[in-house]
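Please look over the structure shown here before reading on. The report is written for someone meeting it for the first time.

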Amino acid sequence: MHMWQATVQFCLLASAALPAAAASAWGFTDATVAVQPKGAGVNSGFKESLSVSKPLSKPVALAGADTLRVTLTTQEGSSAKRPHQAFLLLKDSHTGLDISYPFTVKENGKSRVELTQKDLPIQFLSLPEPIDARVVIGSSGSSEAYDSSIFPLSIERNPDVPVPTVDVERYGKLPEIHHIFKDAATSPPIVITLAFVALVGAALPLLAGLWLLLGANVNHLSTAFKSAPLPHAIFVGSLVAFEGIFFLYYTSWNLFQILPAAAAVGAVAFVSGSRALGEVQGRRLAGLR
Amino acid sequence: MRWYLALLVSAFAAAVNALSSSGSRLLVVLDDTTDKSAYSILWSDLEGRGYDLSFESPKSDKLSLFEHGERAYDHLLILPPKSKGLGPNLTPKNILDFMNQDGNIILALSGKASTSSAISSLLLEVDIHLSNDRSAVVIDHFNYDTISAAEKHDVLLLERPAPLRPDVKAFFDGEGVLALPHVAPQTLGSNSQLISPILRAPATAYAYNPKEEMPSPDDIEATGSQLNVVSAVQALNSARFVVLGSVEALEDQWFSGSVKAPNGKKVPTVNREFAKQLTGWAFKETGILKVGKIEHHLATDGEVAAEDMNPKIYRVKNETVFNIEISEYSYDKWVPFEVPAEDELQLEFTMLSPFHRLALKPTVRTETSAVYSTQFTTPDQHGIFSFRVDYKRPFLTNIEEKHEVTVRHFAHDEYPRSWAITGGWVWIAGLWSVIGGFLAFVVVWLYSAPVADKVKKTQ
Amino acid sequence: MPAKRHAASTASAPAPSTTSTLSSGPATLKTNSSVLDITSHVWQQYLANTAQRTLLLDAFMAFLVLVGGLQFVYCVLAGNYPFNAFLSGFSAAVGQFVLTASLRMQTSEPGSGSPSKPSSKGKNARFADEDTEEDTGISHERAFADYIFGSLILHFFCINFIN
């Protein structure tokens with residue numbers, strides 16, 4: 001209180017030389033806010049008078065094509081007067097956005113401003129909470145300027161109409177991207193695998209049984225070994241060795257390890273094979289096969 | 001003689017160290033040398049920070065920003081000329097060329113006289129707009145200095161600006177009140193990422209031409225925080241351009257003066273500190289980022305051997321570690337760069353488009369730098385990828401790092417062996433039973449004697 | 001088979017021998033026999049007219065069909081991962097079958113109680129003719145050696161591919 005008095009005194013001092021200045025405050029009177037639906041008469045729709053000191057408790061709704069109209073008479077002290085600045089200031093306290101609409105002020109202080117949703121910046125259209133509508137009246141000189149909230153304004157939009165968005169590019173962090181990997185291939189249930197392994201494994205004894213049923217035998221083994229023991233032993237042995245080399249290749253060896261081994265075993269198999277098969281041919285020609 | 005010279009050179013190097021990261025030659029363009037005395041504190045502050053100041057009048061014939069095609073100065077401070085325009089040597093094109101060659105500029109405006117069209121068209125080049133009649137002044141009936149502008153309310157009193165956004169580093173913040181007399185307001189184009197406001201007018205401010213009796217509603221183009229008092233442009237080459245709406249804020253009078261807001265106390269201004277922040281930023285004493293070592297390697301538990309560092313080739317699905325060392329220059333030394341709280345330094349692993357974009361987290365801090373790291377798995381896609389760090393933020397110099405590597409497929413011996421995959425057991429069993437059956441068949445074919453009855457029958 | 005060999009070596013006419021084997025077979029089919037009758041007749045004919053050595057070979061081929069079929073069913077049921085294992089396991093069975101079939105074509109001969117005259121004019125007849133010229137034709141043993149050579153190569157490729 002003391003401060004305020006000091007300020008007033010100071011202002012009085014400071015503006016003593018200026019004839020027009022008065023150590024008073026700016027304000028307004030006869031203020032109304034009206035929302036006029038499109039195409040309706042001047043006085044239809046919402047209308048409420050405003051107070052200098054206390055904002056309306058309920059938000060004023062501004063729908064699609066409605067026109068919001070605020071009229072008031074600006075006053076310096078208690079006399080109506082035209083100020084330098086008479087704005088309807090819309091301010092969103094969360095985002096800090098603000099925009100002002102100047103009143104059209106006549107010389108006698110009568111002021112009016114009209115706005116529709118089209119006049120609003122599109123950032124205001126998507127705000128979830130009502131905007132704070134303030135009246136700012138100020139002028140040069142020492143009179144205290146007026147800036148106070150007069151009503152909350154809620155922007156009502158047709159939910160079916162998408163809110164226009166502004167795509168302003170600003171440097172900043174971008175959303176993270178994580179590469180989506182292809183799913184790792186999975187093996188089927190082990191039970192199925194083992195069952196089929198057993199089936200495949202059972203095929204070999206089945207073959208043996210079938211052969212026995214058909215009378216397969218190794219009766220010529222003695223005959224063959226009698227006539228050409230070495231070639232037969234080496235030939236069959238080299239075939240087994242070949243498959244053994246393949247098995248080693250499968251489990252541990254690399255190509256350069258098996259190639260010499262395969263070449264050696266192959267040569268042996270070729271030589272012994274021609275002898276052994278010669279013996280077999282002899283048996284065949286002898287009618288034993 | 002030689003050591004004496006070496007001492008001299010090292011002394012000079014020490015002096016050079018203690019200032020801007022991009023040179024010390026500062027050209028001040030001011031109308032006539034008599035103006036110079038009004039800013040004596042500013043000049044001595046700048047000289048104290050190591051700048052070599054040259055003063056030229058815009059009308060001077062000697063004034064040239066370039067010498068033999070190279071920049072003749074590192075920085076440029078232009079005070080508003082009283083005459084029209086900046087003369088033939090400071091055309092907008094010359095000034096933009098100066099910026100293109102990494103020169104930094106502070107352009108001060110004043111609301112006292114209307115701004116020349118040359119300056120207006122220069123500002124249009126960087127998408128900063130002045131008011132239509134170029135003579136508007138920002139008025140605020142709520143935040144003005146009651147001592148010096150009790151009647152006209154054209155000396156704005158503003159807090160120093162908070163960070164522009166929560167994720168932007170603050171270079172101009174601090175306590176205290178700034179006095180900004182006769183501000184020529186600027187509005188910023190909305191489509192450029194390069195411009196950022198440094199200081200905005202309060203919501204209740206408006207701009208009007210004081211020569212007119214009353215502002216008419218039609219004349220009011222922008223109000224409140226759309227009006228910028230100080231704006232900044234940082235070009236893609238990180239050259240800086242600052243527009244200061246009120247040149248008088250740099251005068252000695254306001255560096256040491258005291259102001260009083262309506263209903264406020266009488267307080268000293270902090271214009272001097274703000275001028276240091278502003279010139280420091282504009283002339284690259286702050287907000288300079290430097291990339292040190294960049295390392296990437298396979299993730300291992302222990303130390304990475306030197307020959308395994310920064311390999312040219314990775315395999316798909318490799319665990320990879322990426323490190324980048326970043327320092328920030330702060331007035332006279334390199335300090336570890338800290339990313340603002342809500343911001344992130346991001347690494348992109350890119351082939352045409354990013355496959356990964358990951359936040360780099362600080363891991364190691366040295367005296368002069370901070371190392372940011374991340375670990376990720378290379379995508380299951382082979383090709384030529386690149387590690388990219390593209391860090392462009394308001395008020396910080398740009399970082400654009402790109403390091404190409406090859407990502408290859410599995411080699412033939414890097415796949416799991418067939419027996420390790422249970423799903424393949426059936427086929428392995430099938431293969432080996434075929435081989436077993438073959439061996440048995442060979443024996444049977446070679447040594448099976450015909451069955452007796454068959455032989456009898458065929459004979 | 002020995003009978004045929006003798007016939008071929010003595011260059012006697014094969015006709016009497018074949019007719020005798022035909023007559024020694026099961027009763028001939030009637031024109032209006034049922035499918036079951038036809039099948040069993042064919043089966044009986046096959047058993048009666050195929051040499052025992054060829055039957056053993058056929059048993060091996062049946063084994064290969066079984067193994068290959070099992071692998072294929074498993075692939076259909078449980079998915080084809082790892083696909084290379086499927087390919088090599090399955091193609092080992094198929095390849096071995098193909099090689100064995102070639103061996104059968106080269107070694108089973110019409111002489112050993114084999115079919116009727118018309119069929120001896122088919123492929124078998126060619127082999128029979130070639131068998132008559134021992135030096136230029138492919139002997140059974142030569143065919144068998146080729147078969148082993150081919151099989152070993154097949155096994156090598158399959159093992160290589162199964163990883």
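What follows describes a predicted model, beginning with chain A and ending with a pair of helices in chain B.

## Domains of chain A

Chain A is divided into three parts, with domain 1 covering residues 22–155, domain 2 covering 189–216 and domain 3 covering 219–289. Taken over C-alpha atoms, the centres of domain 2 of chain A and domain 3 of chain A are separated by 26 Å.

## A sheet in chain A

Five strands of chain A form an open sheet, and they follow the order β3-β11-β10-β6-β7 with mixed pairing. Because β3 (60–62) and β7 of chain A stand at the edges and have a single partner strand each, one side of each is left without a neighbour in the sheet. From one strand to the next, the twist averages 35 degrees.

Within this sheet, β6(A) and β10(A) run antiparallel and are joined by seven bridges. A:Lys91 has A:Asp132, in β10(A), as its bridge partner.

## Where chain A meets chain B

In the contact between these two chains, 66 residues of chain A meet 57 residues of chain B. On the side of chain A that touches chain B, two or more residues come from each of α1 (2–14), β6 (85–91), β7 (98–102), β10 (131–138), α3, α4 (220–227) and α5 of chain A. The largest share of that side is given by α3(A), which supplies ten residues. Sorted by class, the side of chain A that touches chain B has 33 nonpolar, 21 polar and twelve charged residues.

## Where chain A meets chain C

The contact between chain A and chain C takes 30 residues from chain A and 27 residues from chain C. At least two residues of the side of chain A that touches chain C are supplied by each of α3 (190–213), α5 (229–251) and α6 (255–285) of chain A. Here α3(A) gives the most, with ten residues, and the residues of this side divide into 20 nonpolar, seven polar and three charged.

## Two packed helices in chain B

Two packed helices are described by the angle between their axes and the distance between the axes. In chain B, helix α3 (residues 92–100) and helix α4 (residues 117–125) pack at an angle of about 40 degrees, and their axes lie 9 Å apart. That angle makes α3(B) oblique to α4(B), and the crossing of α3(B) and α4(B) is right-handed.

The contact is made by B:Pro92, B:Ile95 and B:Leu96 from α3(B), together with B:Ala118, B:Ser121, B:Leu122 and B:Glu125 from α4(B). By class, the contact of α3(B) with α4(B) has five nonpolar residues, one polar and one charged.

Note on methods:
Residues numbered from 1 in each chain as written. Chains lettered and ligands numbered in written order. Predicted model: local features only at pLDDT ≥ 70, side-chain atom pairs only at ≥ 80, totals over all residues. Contact = placed C-beta atoms within 7 Å. Helix = DSSP H or I, 4+ residues; strand = E, 2+ residues; numbered from the N terminus. Nonpolar A, V, L, I, M, F, W, Y, C, P; charged D, E, K, R; others polar. Domains from an automatic or database assignment. Axes fitted to C-alpha atoms, helices over the stretch in contact; angles between N-to-C directions. Parallel < 35°, antiparallel > 145°, perpendicular 65-115°, else oblique. Left-handed = near helix turned anticlockwise from the far one by under 90°. Pairing = 2+ DSSP bridges.
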